[in-house]
Amino acid sequence: MEANFNQPQRQSSIGVLVMFIDSLQKFSRAFLPILLIWFFKAKDVSKIYIPLGIIALLFIIGLIAYLRYLNFTFYIDDKNDEFVVNDGIINKTKTTIQLDKIQQVNIHQNLIQRLIGVYALNVDTAGSDKKEGNIKAISHSMALALKSKLLENELNKEVVFNDVLESVQVNNQKTETEPFLKINFLSLIKVGITSNYVKSIGLILTFFFSIMENLRQIGKEDVIDGDKIEKTFNNYPIVYSILLLILVMFTIVFVINIGRTLIKFFNFTIAKQKGSLLLSYGLINTESTILKPEKVQIVTISRNYFQKKLNVLEIKIKQAVSDEKKQKKSQIEIPGCNVIERDEILKLIFKQLPEKGTKMQPNFRKLVFSIFLTIVLPLSGFFLFGNYVKNEILQYSHFAIAYTIFFLVILFFGFRNYRLFISQNHIIKQSGSWDISNEIIEIKKIQAISTSQLFWHKGLNIGSLTMHTAAGNVSFQLGNYNKIKEYVNLWLYEIETSNSNWM
């Protein structure tokens with residue numbers, strides 16, 4: 001029986017349990033440090049009060065969860081073409097979303113929801129900096145029906161691609177779902193061992209310092225014996241200790257990368273659905289996301305040397321967002337594609353395969369300026385500090401040679417790969433020293449263009465270009481300024497005369 005979304009609907013009755021766990025998690029994140037400090041410090045409190053306090057707390061959280069479930073309703077107002085969500089216990093809120101403003105409708109399922117047998121659905125619009133219409137517990141059939149209903153307005157619209165009108169009619173037709181691409185297990189392993197080194201090291205350091213800070217707050221910082229660790233490393237030669245530390249760090253990084261990739265992107269599949277792409281993936285938290293090609297703003301394809309040898313690459317897709325902080329979180333990642341699969345995805349998104357056209361490269365002063373900022377200034381500060389403040393640090397001056405060589409290589413390859421390619425319909429910015437990325441944007445989707453030129457660059461005829469899109473900016477620095485201005489005038493004319501309807 002088809003659900004009647006014109007009438008207010010409640011979540012599944014088992015959603016009370018989801019609300020309870022969600023409220024418990026929020027309370028724990030807010031008050032757990034305080035409770036831990038109280039537990040360790042309050043020695044004179046009778047032990048009987050602890051279980052009584054826990055029971056009372058669970059009762060209050062359960063009552064809040066039930067009231068949240070009771071007051072949460074959602075429905076579609078066909079008269080005004082709106083999706084309406086009512087929520088709140090004391091402070092009641094009513095969220096109204098215009099159907100034609102809906103950017104994405106995502107269905108996902110975390111571990112708790114999977115155990116209970118319900119799904120979550122949230123609505124994303126280009127005009128908001130957060131997910132709206134967040135429904136935490138509905139059945140899979142209702143989630144699919146609601147998603148189809150919310151996107152029905154969008155799918156029935158006339159869409160323009162490359163100045164050719166394509167009328168997409170979906171009334172009285174079956175939903176088309178063609179299996180198109182599935183990322184296999186081996187490809188995920190390849191991506192896991194060849195990417196995200198810096199991110200993983202940052203996560204390790206963040207986790208370590210967070211643990212130390214929490215232990216310090218509860219007076220248990222002596223749990224980790226720093227002197228014992230230091231003595232262990234002092235028993236070995238310094239070179240051996242450094243190599244051992246690097247080996248341990250990279251082992252942890254590999255394990256984290258592989259685990260993160262497999263858990264996040266397990267069983268990654270892409271299917272065609274009514275002119276859009278349906279992406280499904282996830283081991284613990286399952287995600288189901290609709291990607292509408294006409295809403296895509298920037299497509300980034302990246303790969304490094306090892307990934308090239310293993311014939312895998314990563315694709316990141318950005319759609320229109322209203323908040324810069326949200327850009328990284330909202331982008332869609334497709335890991336482990338090969339070259340053939342990449343080309344097929346690009347054809348589906350752009351209706352043609354973007355090609356690298358006329359090449360524009362930066363002036364060599366970009367490399368010189370990067371060397372000055374990255375090498376000359378830090379080393380000057382190091383030696384000045386060593387000569388005039390603390391002479392002891394000069395004993396590590398031999399590391400300056402390794403530092404200089406390493407960053408010279410990085411900067412040189414970064415400069416060599418820094419290019420802008422311009423074709424009739426697309427602009428491709430290439431950058432990167434190790435992970436080489438190509439950012440692809442359609443000229444007709446550029447919202448604004450900025451050019452800049454410092455006064456000492458006028459005689460050299462070099463300047464910078466920034467292309468503003470609804471998913472972020474793409475910049476190219478220190479290119480031929482006359483060429484930049486010629487292209488900007490051409491692009492502005494094409495944007496003004498284009499009748500593309502992608503918003």
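Among contacts in the protein between residues at least 6 apart in sequence, what percentage join residues at least 24 apart? The figure is 59%, where a contact means heavy atoms within 4.5 Å. The model is a predicted one, in which local features need pLDDT of at least 70 and side-chain atom pairs count only at pLDDT 80 or more, whereas totals for chains, interfaces and linings use all residues. Residues are numbered from 1 along each chain as its sequence is written, and side-chain values use heavy atoms, with hydrogens and water left out.

The secondary structure of the protein comes to 14 helices and 22 strands; helices (H or I, at least four residues) and strands (E, at least two) are DSSP runs, numbered from the N terminus. Of the 503 residues in the protein, 39% are buried, a term that stands for under 20% relative accessible area, with exposed meaning over 50% and partly exposed lying in between (1.4 Å probe, protein chains only).

How do helix 12 and helix 13 lie, and at what angle do their axes cross? The axes come within 9 Å and cross at roughly 165 degrees, where axes are lines fitted to C-alpha atoms, for helices over the stretch in contact, and angles run from 0 to 180 degrees between N-to-C directions. Helix 12 and helix 13 are therefore roughly antiparallel to each other, since angles over 145 degrees count as roughly antiparallel, under 35 as roughly parallel, 65 to 115 as roughly perpendicular and the rest as oblique. From helix 12, the contact is made by K366, L367, S370, I371, T374, I375, P378, L379 and F383, and from helix 13 by A400, Y403, T404, F407, L408, L411, F412 and F415.

Two loop residues have a backbone angle worth checking. Most residues other than glycine have a negative phi. D81, however, has a positive phi near 55 degrees; D81 sits in the loop between strand 1 (73-77) and strand 2 (82-87) and is partly exposed, with a relative accessible area of 40%. K351, also not a glycine, has a positive phi of about 65 degrees, lies in the loop between helix 11 (339-350) and strand 16 (358-360), and counts as partly exposed at 38% relative accessibility.

The loop between helix 11 and strand 16 also holds L353, which is partly exposed with a relative accessible area of 32%. L353 touches D343, L346 and K347, not counting residues up to four places away in sequence. The C-alpha atoms of L353 and H426 are separated by 9.8 Å, although these residues are 73 apart along the chain.

In helix 8 (residues 238-265) lies T261, which is buried, with a relative accessible area of 2%. T261 touches L188, V191, G192 and F266, leaving aside residues up to four places away in sequence.
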